[in-house]
Amino acid sequence: MTIHRLLYRSDMDLVGTAASIEQQLIEIIRLSEARNAVNDLTGALLHTRGVFIQALEGPLPAIEATFERICCDLRHRRVELLELVHAEERVFAEWSMARITADHAFEKLFPCLENIEEQHLESASAQATIQLMRSLLIAGADRFPSLGRRRAPIPRSLELGV
Amino acid sequence: MTQLYNCVATQHDLRLIAVAALICALGTCSTFAMGRQVFRSGAGKERLIWGVTGVIATSSAIWATHFIAMLAFEPSMPFGFAAGRTAASLLVAILLVGLGTGVVVARPSLPGRIVGGGIVGLAVSAMHYTGMGAYHVQGTLQWESSTVAVSISVGVALGSLSMVLGFSRHRRVRNVAPLVLLLAVCGTHFLGMSAVTIVFDPSIEIPGGSIDATILTILTANAALLIVGFSLTALRLWHMNRQRHEAENQRLHDLANIAVEGLMICDGDTISGINCSLERVLGLSRDSLIGAPLQRILPDLSVARIPLTHEIDALLRDGHEAEVPVRVIAQTITIKAKPHTVVAVRDQRERLRAEAEMHRLAHHDTLTGLANRHQFNEALALRFASRRGEDATFALLMLDLDRFKIVNDTLGHAMGDELLRRVANRLLRALRDGDLVARLGGDEFAILKAGGTDLPAIQAVAERIIDILARPFLIDGHILNVGASIGIALAPGDGETPDLLMGNADLALYGAKEEGRGRYRLFEAGMNARIQARRTLELDLRRAIARQEFELYYQPQVDARTGAYDGAEALIRWHHPQRGLVSPADFIPLAEETGLIGVLGEWVLRTACAEALSWPKHLTVAVNLSPVQFRDARLAVTIRNILAETGLPGFRLEVEITEGSLLQDEQRTLAILRELRTLGIRISMDDFGTGYSSLSYLRRFPFDKIKIDQSFVRQTPDDKDSAAIVRAITMLGASLGMKTTAEGVETDAQSSFIAGEGCDQLQGYLISRPVPADKIAMLFSPENRIAQTA
């Protein structure tokens, strides 16, 4: 079966205190893990400074349905599709939806954190972003070896303070 | 037994005995037929009639059997009967048979039947010996008392047995009963006769008044036959009648059951029958309803309140206590001489469902499930009609998609439909419950926003919609970026009537589109004037075609190396009687939008071809074709006809197309281009470098010429990027075997740079501005050419 990978960015439009936003984020991740596990999707979600960067990989119909749901979701603003490509293999095969929380030091590593209007993100840049997300995940997993790297039968998230 | 045999065989006339036996058999058959009839009948009166008929038929048969048998008896001496006692014997038979059968009817149990049957057997003996008392013969009768006792016993026993068998549960056993009773009668008679010995005594005289035996016998036989016959006939008729009734009832029953509507028969307010249809509707069985009050299934209704003339609406309560909407109508009928009411119950659920579906279809857009134009107009009219106080202000948003047409044209209607469904879904997400979203047609949507005209709130909604529709749609691997523009009008300020408000929201939408799409505009009073001006221009444009206010100018193209003329590009000019010269930039988009470009384009082609004829034979004329012209599949035919009419050879015509033509329906455009190519016409790609996928088009169609857009040419040679682009395009053209033309060449520096890069052709102010037809003809005249090359 052919695999596609989608990368998008959006502005986070969550309302509430820091604690409540954190709670909402946990809820979003939990739901998307459950859905993705059912739909054979894997991926990672990075959020920092009010921006989401999410990678989704799996069968094209499932990606399309999931992305349409994201586009209908008003908790996202200014959704921008960075890349939709056919992929040889999954980059995030181990995670239904891994969560990455990047700190300021790492922010500048992500070229697509800024909303660059009317300018297509080059595929090299999208590739770089995805590889960076993966590196962060693996580094985190190495730091917490107990989490393991095999894809668990039960969807679970990895909380990484990088 | 010998005595009995001798009695029957030797002392009797066997033929008459056969007649007696026949009557007796008929009589005993009638006894049981009537008896069963008594048990079958319900009403008392009817039972009595059948009972009396049976008693009379049985007694008269017994009686007749006796007298005919007596006639068969041959005592070899004169004999006769006493009339009084003969009649008395019949009466005895009737009374005792009546008593016996009465006992059987009253006590149909086994003991009752034994006793009753015994009495009937006794009746036979009593009748026989009373009858013997009426027998007068010239001699004395000597009785052998033991045989008499046997005859009585046999009668009683067989009588009992016949009644026991006659009302048995088994049909075969029942069929034996008449025979047993026959044996009882005959046994009693002949045993009785064998018990008597007549001693001739000539001294005895037969008393006067005695009836002649033969006459009596014939009379009794006939009378008995008549009675028995009548009774059996009556029984037969009754049976036929009953069968007919039953068949009729069954037919009515069947008819009621195949009826689609529910039927119920009521006796007063009590249900006495229902058909299958009603059973189905109710989910209740017939048995559970018969005898129940009407209100059990039709609460709040009584038979008296159901009209006979028209249907009324009612609620039926079914077996699950659910209410079913029905219509009912009543009709009175007479059943068994009693007035009943038939209530017809028509289930309305299917009709109501169909009506609701029709209503939904009439008010909704089937593709998206949103309200349709019809419902939207109704809602808007209602808002205007009912607005009071707070409600007086509301916002109307008109929305259309920015790039829907391209999706629909290039990816097909199925994709377009799916896109519209998703757009509808996203719109619903961006709005609140109180807002009405409608699809007015095509990619045109309208939103009736509830909750006043608080500007920030309305702008927030508009921004939300613009954002949510600007997000990509991924459908079947295609990434569709359609985007939307919105025009907003606020009631009542921007329009006192639905039409005005919608018109102004449309104007605002138009304004948003003009400003560059993907945005919203609020209606402003000034918009109207601008739109008005546009409409006037459109009207003028239509008139201009008729009045021939157009003229073609030509800008020459020269060989970059030799400087010799290669031909000229035809450019349209509009001399407006009031406005003066109108720029093509102002009226060509309008002509494309309104479809006038078709007529205009044809005029340009015809004129250019006709005017180019006067030029030297090697010079070409280039004509621009609009993308809109390619939507007409007959474009190639039109051009061929024009060439034929004007006589211009195909190789002298060059058509210039832009990327836009290939964007809409590439296959159709390419097919047209191939057809033009067969006419010898050359094809150029205009404005090359400004689009974003030009390269791929170059691969798909072998253009004759690429025209480098003037925006690059003007910046050469100083701007490094532009110089690089010009160089790249020239090299690309050379490698693909296509000529390159640089447009907008204005300076010598540009000319020498571009020529130096290997570009084939130059066009621009440096060579000549666009000039009228007569000027270009002069420019192209041989003398001028010599002057130029010199």
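Trainee: Are H4(B) and H5(B) roughly parallel or roughly antiparallel to each other?
Mentor: H4(B) and H5(B) are roughly antiparallel, a term for angles over 145 degrees. The axes of helix H4 (residues 83-106) and helix H5 (residues 110-133) of chain B cross at roughly 175 degrees and come within 7 Å. Axes here are lines fitted to C-alpha atoms, for helices over the stretch in contact, with angles from 0 to 180 degrees between N-to-C directions. Helices (H or I, at least four residues) and strands (E, at least two) are DSSP runs numbered from the N terminus.

Trainee: How should I treat the model and its labels?
Mentor: This is a predicted model, in which local features need pLDDT of at least 70 and side-chain atom pairs count only at pLDDT 80 or more, while totals for chains, interfaces and linings use all residues. Residues are numbered from 1 along each chain as its sequence is written, and chains are lettered from A and ligands numbered from 1 in the order in which they are written.

Trainee: Which classes of residue make up the contact of H4(B) with H5(B)?
Mentor: The contact of H4(B) with H5(B) has 15 nonpolar, 10 polar and 2 charged residues. Residues are in contact if their C-beta atoms, placed from the backbone, lie within 7 Å. Ala, Val, Leu, Ile, Met, Phe, Trp, Tyr, Cys and Pro count as nonpolar, Asp, Glu, Lys and Arg as charged, and the others, Gly among them, as polar.

Trainee: At what angle do helix H2 and helix H7 of chain B cross?
Mentor: Helix H2 (residues 14-40) and helix H7 (residues 171-194) of chain B cross at roughly 130 degrees, and their axes come within 8 Å. That angle makes H2(B) oblique to H7(B). The residues in contact include Ala21(B) and Phe32(B) of H2(B), and Leu181(B) and Val185(B) of H7(B). By class, this contact has 11 nonpolar, 2 polar and no charged residues.

Trainee: Turning to strands, in what order do the 5 strands of the open sheet in chain B lie?
Mentor: The order is E12-E13-E11-E16-E17, with mixed pairing; two strands pair if DSSP finds at least two bridges between them. The edge strands are E12 (436-441) and E17 (520-522) of chain B, each pairing on one side only. On average, neighbouring strands are turned by 20 degrees against each other, direction ignored.

Trainee: And how many bridges link E11 and E13 of chain B?
Mentor: E11 (residues 394-401) and E13 (residues 444-449) of chain B pair in the antiparallel sense over 6 bridges. Glu444(B) in E13(B) is the bridge partner of Asp400(B).

Trainee: Which helix lies across E11, E12 and E13 of chain B?
Mentor: That is helix H12 (residues 373-386) of chain B, running at about 130 degrees to E12(B). Helix H16 (residues 498-514) of chain B lies across E11, E16 (484-491) and E17 of chain B, at about 145 degrees to E16(B).

Trainee: What do E6(B) and E7(B) form?
Mentor: They form a hairpin with 2 residues between them, and Gly268(B) in the turn has a positive phi of about 65 degrees. E6 (residues 262-267) and E7 (residues 270-274) of chain B run antiparallel and are joined by 4 bridges. Met264(B) has Ile274(B) in E7(B) as its bridge partner.

Trainee: Finally, how many residues does each chain give to the contact between chain A and chain B?
Mentor: Chain A gives 12 residues and chain B gives 14. On the side of chain A that touches chain B, helix H2 (60-71) and strand E4 (76-87) of chain A are the elements giving two or more residues.

Key:
Parallel < 35°, antiparallel > 145°, perpendicular 65-115°, else oblique. Contact = placed C-beta atoms within 7 Å.
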